[in-house]
Amino acid sequence: QVQLVESGGGLVQAGGSLSLSCAASGNIFSVNIMGWYRQAPGKQRELVAIFTSSSTPTYADSVKGRFTISRDNAKNTVVLQMTSLKPEDTAVYYCHAGIRSSSPYHLAYWGQGTQVTVSS
């Protein structure tokens, strides 16, 4: 079974920093995309930062210059470093990956979500 296990998150004051980590485990043949989404109360899930086929990550405009995503392909992990956090960054953050396991195709997997709360 493939799963994404997240760690990090929590409560921080505005202007502070947090780091989120995600590790893919299980019967993994390859991982193509890997990154983070978030969902605030009453809002749709939105992209935060992600690695796709390119080695250059894509960021949401709202986090550019404040968040940095990094990936370790050998370990199938991805880390989101968040700085200069704002109250509007408050959300449940989800790790997302496209993973090829027993299937010939890459399937979408999601982590269980981790809460990030930024107080003003």
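Is Glu-46 buried, exposed or partly exposed? Glu-46 counts as partly exposed, because its relative accessibility is 36%; here buried means under 20% relative accessible area, exposed over 50%, and partly exposed in between, using a 1.4 Å probe and protein chains only. The model is a predicted one, so local features need pLDDT of at least 70 and side-chain atom pairs count only at pLDDT 80 or more, while totals for chains, interfaces and linings use all residues. Residues are numbered from 1 along each chain as its sequence is written, and side-chain values use heavy atoms, with hydrogens and water left out.

Side chains of opposite charge can pair when their charged atoms come close. Four salt bridges turn up in the structure, each being a side-chain nitrogen of Lys or Arg within 4 Å of a carboxyl oxygen of Asp or Glu. In one of them, Glu-46 meets the side chain of Arg-38, at 2.7 Å from N to O. Arg-38 itself is buried, with a relative accessible area of 6%. Arg-38 also forms a salt bridge with Asp-89, where the closest N and O atoms are 2.9 Å apart. Asp-89 lies in the loop between S8 and S9 while Arg-38 lies in strand S4, so this pair ties together parts that are 51 residues apart in sequence. Helices (H or I, at least four residues) and strands (E, at least two) are DSSP runs, numbered from the N terminus.

Asp-89 is buried too, with a relative accessible area of 1%. Another of its salt bridges goes to Arg-66, with the closest N and O atoms 2.7 Å apart. Arg-66 sits in the loop between S6 and S7 and Asp-89 in the loop between S8 and S9, so the two tie together parts that are 23 residues apart in sequence. Like Asp-89, Arg-66 is buried. Put together, Arg-38, Glu-46, Arg-66 and Asp-89 are linked in a network of salt bridges.

Next come the strands. Strands of a sheet pair through backbone hydrogen bonds, either parallel or antiparallel. Two strands count as paired if DSSP finds at least two bridges between them. Strand S4 (residues 30–39) runs antiparallel to strand S5 (residues 46–51), and five bridges join them. Trp-36 has Ala-49 in S5 as its bridge partner. S4 and S5 make a hairpin with six residues between them, and Gly-42 in the turn has a positive phi of about 75°. S5 in turn is joined by two bridges to strand S6 (residues 58–59), again antiparallel. Ala-49 shows up here as well, with Tyr-59 as its bridge partner in S6. A hairpin of six residues leads from S5 to S6.

Four other strands make an open sheet in the order S1-S3-S8-S7, with antiparallel pairing. Strand S1 (3–8) and strand S7 (67–72) stand at the edges with a single partner strand each, so one side of each is left without a neighbour in the sheet. From one strand to the next, the twist averages 15°, with axes taken as lines fitted to C-alpha atoms (for helices over the stretch in contact) and angles running from 0 to 180 degrees between N-to-C directions. S7 pairs with strand S8 (residues 77–82) over six bridges in the antiparallel sense, and Asp-72 stands opposite Thr-77 in S8.

A search of the whole structure finds one disulfide, meaning a pair of cysteine sulfur atoms within 2.5 Å. Cys-22 and Cys-95 form this link, with their sulfur atoms 2.0 Å apart. The link is left-handed, with -85° about the S-S bond. Cys-22 lies in strand S3 (residues 18–25) and Cys-95 in strand S9 (residues 91–100), so the pair ties together parts that are 73 residues apart in sequence. Both cysteines, Cys-22 and Cys-95, are buried.

Rings of Phe, Tyr and Trp (its six-membered ring) pair if their centres lie within 6.5 Å, with planes under 30 degrees apart counted as stacked, over 60 as edge-to-face and the rest as tilted. Tyr-37 and Trp-110 are edge-to-face, at 5.1 Å centre to centre and 70° between the planes. Tyr-37 lies in strand S4 and Trp-110 in strand S10 (residues 106–110), so this pair ties together parts that are 73 residues apart in sequence.
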